Every structure is written in C-alpha cells, then in structure tokens.
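Student: Could we go through this structure together, taking one question at a time?

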Amino acid sequence: ILFASMCITGSLFAGGLVTNNNQSALFTRLQNRNASTAIDAAFYNPAGLTKLGTGFFASINNQFVTQTKTVTNNYQYLSGTKPREYVGDVKAPLFPGVYAAFNTGKFSFSAGINPVGGGGGAKYNTGLPSFEMGISELVPKLQSQLQPLATAVPSLASIVNITGYSADIFFEGTSVYFGYQANVAYKLNDMISVALGARLVSAKNTYSGYVRSVQIDAPAGFGGNQAPGDYLRTIAGFVPDPYKTSLNGTATVVDAATALEADVEETGSGIAPIISVNISPIEMLNVALKYEFATKLELTTKVNGGKNAGGLFVDGSKYRADMPALLAFGAELKPIEKLMVTASFNTYFDKSLDTRAINSVTIDKNFMEYGLGAEYSLTDKLRVSAGWLSTATGVNQNYQNDQTYSTNTNSFGAGLGFRINDMIDLNLGGQYTVYADDTKNFSRQLTSTIALPVTETYSKKTWIIGAGIDFRFGGKK
C-alpha cells in the first residue's frame, strides 16, 4: 500500500484533469487562443487556418515549466513537527509545440505535434504521506504486538519502548501524452470555414522509487537503532519456541514490507476525431467552435528488473486511461485596428467517461475553463498582450489525494510579439498560475477497530516561460 495510487498522469498546466491546453507561446502571453487564425490554430482552431491565405506556414514553440506541489499531513505517528510538509518539484524544460499548414485555393492542410497530456516529471525527495504513514505505524504496531510478550517475560519488559523511526523514501514519476494531429479545412465562403481532423495520442508514464533503510529507535539493551526485522530477530534470541519461530517469521515479512522498489513503464495509444467551425459574421469579429471526441487509451504495464513495488504493478497488465471529449468556444474582436480582444470557454467531459468506474463517486461535474485576453499594437512591428484564464474543477473530496488532486485556478499571462520581417514573427510570454488550496479530512485505519483522524492540505504554484517563432511563406502580410 506504500506505493498505491502512485500516479502523476494528468494535466500539469492549463487544461482539464488529464488534458494540456497551453500549446503555444501565443497562448502563454494571451491565455486565450480558441479563436486563433494564426498558425497555432492547427491545434486550437483548424478551421480558422483558411484566414491565413495561400501559402506555407510553420511555427516552433517551447515552454519552460516549473511547478511546486506541496502536501501537508498531520497524521499523529509521522515523525517530526506536524503537520509534516512534503514538496514535489515538477520540471518540464522541453514542452514543444510544432505546427505547419499549407493553404491552396479553398483548402488548408495542417499538422501539429505537442504534449496534449501530462508533460513533465515530479520528484519527491522525501516521498509522500501515503508512502510514509505505513512506515510510521511500525512504532505503535510493534509496541502493541510485543506487549503480551513483554508482560509474559519480565526481563523483556523494555522491548515495547520503541520511540521513533526513520526511512529513506523517494519517488519520481513522469507522464507525457504526445499528440500527432492532422487536419483538413475548407473555406465554404468568406464567412464560414469547416475542418475535420484526427489526433493520434501516444501515452507513456514512468514510475521509479523506493522505500529503504527503514530503522526504528529501539531500546539500547536490544541493539538500539536498527531495522525492524533485525529487532524482532534480536528479541527472538532471548525467548524459546513458539515465540522464537513466530518472531523470526514476522521479521521476514517485515523485511519485505520495508524494502520496496519500483521501476515501471506504462504505454498505450489512441485516436480522437476533431471537428471545428470558424465564422466571421463581420470583418471585426471571428468566432470558433471545436469538438474533440474522447480518446480511448489502454495502457500496458512493463516492470523492469522485477521492481514491482512489492507486487503492486503486474508486468503485462492493462488498464483504461481515456482522455475526455472537449467542447471549445472562442471569439476574437478587433474594435479598432490596433486592438484585439479575445475570449474562450472550454468544457472537458470528464464525468461521462465510461472507462472510469470511480468517476461517479469522485467527479460531480465536468471541468470548465474560461478567460479573456487582449493584444495591442504599439508599432507596426511590436505588439504587447496580457490575459487571464480561470478554471473550475468538477471533482469532490473523494478524488483528492496526495498524488492526484485538482483545485480551481486563476492564470495570468503577459508578453510580446515582434515582427522580425515579413516572413518571421517572434513571440515571448510568461505565465503564473494561482491554485486554490484544498483540505481533506479522512480516517486512517490503524487496526480493524481503530481509525485515526488525518487532515491533508494540497497546494500548487506554476511558472511558465514560452518562446516561439512563426514563419510565413505567402499568405496575408
């Protein structure tokens, strides 16, 4: 149980529970791209690419992402001052978005490659509460289980004087769902364009970690600080059978339970159709609507070197981890030549996924996000922008745990665009996301008859720096 639910699969940045939506430097500095008619529309609004005109267009983007995830836990048996704090550092130095489009006549053919889910690695140098609580319970459980022997043999009365523990706990996980998308758009008339596309998603999760060097603070007369299994064997040297046999047998079980290691990969792929419509009812207004169907993913587990975390992972086993359908709406308005205002709204249909039996008890409603952004042209070459994006999670307390949690957010981005020449645009942006803290109260079952209260608090903070270069060969200048 120390490695149970050891998973960081899911969105690390803008987007739903398992979906990333920050896919260009333009997004970083505007936070709203659903009605894009620039080259990043290959992801956000494929039908809008027909607005670029005839020619070839390309874009190369990268975002450097850092996120800090902090969990505090007040379980009474954890060592140190309570509540204990556990910090996970998430880093994604390479978060690319590459797009290309070729427009001819009324058609636009486009493609894109980007991390549509996951997108980073989380490292917990001291583990997580769910890993350590089981280790911390060694102290009260050994005290309780050795008490009858201490009572029966007066010379062993001090064996219950176990005062603490220590352990070396580490966990690192990565999760990347790469999307390979292709679209065909058609311009019906000057007002309406439509597009049909598909995305192949290739998913890979990795888990590596261990629980080792577990020690208990035992009485000096019985060896002092040592592994719990060794302590039981030491006591066994002072008693006859059947105590000796029982203690030695229990020591073997404890050895296995306090020396766990994991080295696991999970991989799978799936395809999702995508449809979109772009409408320009008047020259100053552009409106877009996109629907992405759910991506059916079945992940296969591979255990390396037999490191299966004590049997938690089974080599060759499979499980479903679908990505939800998405309905996206966006609008761009240019009330004056130098000013563009944009808005977006997304709904991720997490609750309707029939591959997650737990959804009915962990998700109350679909995940939503909405926001506003604006860009202003200071000169013919220089544009500045800023944007805001807010999310409303649909999960309840049953969903939250120290490995996977979701809270409401507000993201703020700003940056600039610079036209190097008629063929090249440079985009730079920064983003900071504020997460609402959440607290969960639950019971920890120490024994079949004793349940102890636990309070956990979950928090995050995220910084993103994005840079991108857009190329145009033809099209509207």
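Student: Is Asp-263 buried, exposed or partly exposed?

Tutor: This is a predicted model, in which local features need pLDDT of at least 70, side-chain atom pairs count only at pLDDT 80 or more, and totals for chains, interfaces and linings use all residues. Residues are numbered from 1 along each chain as its sequence is written, and side-chain values use heavy atoms, with hydrogens and water left out. Buried means under 20% relative accessible area, exposed over 50%, and partly exposed in between, with a 1.4 Å probe and protein chains only. Because its relative accessibility is 28%, Asp-263 counts as partly exposed.

Student: Which residues is Asp-263 in contact with, leaving aside its neighbours within four places in sequence?

Tutor: Asp-263 is found in strand S8, residues 260–282, where strands (E, at least two residues) and helices (H or I, at least four) are DSSP runs, numbered from the N terminus. Contact means heavy atoms within 4.5 Å. With those neighbours set aside, the partners of Asp-263 are Tyr-207, Lys-302, Val-303, Asn-304 and Lys-307.

Student: Which residues of helix H5 are buried, and within what arc do they fall?

Tutor: In H5, residues 228–236, the buried ones are Pro-228, Gly-229, Tyr-231, Leu-232, Ile-235 and Ala-236. Seen down the helix axis, they line one face of H5, because they fall within an arc, taken from the directions from the axis to the C-beta atoms, of 160°.

Student: How many residues of helix H3 are buried?

Tutor: Helix H3 spans residues 129–136 and is mostly covered. Its buried residues include Phe-131, Met-133 and Ile-135, and of its eight residues the number buried is seven.
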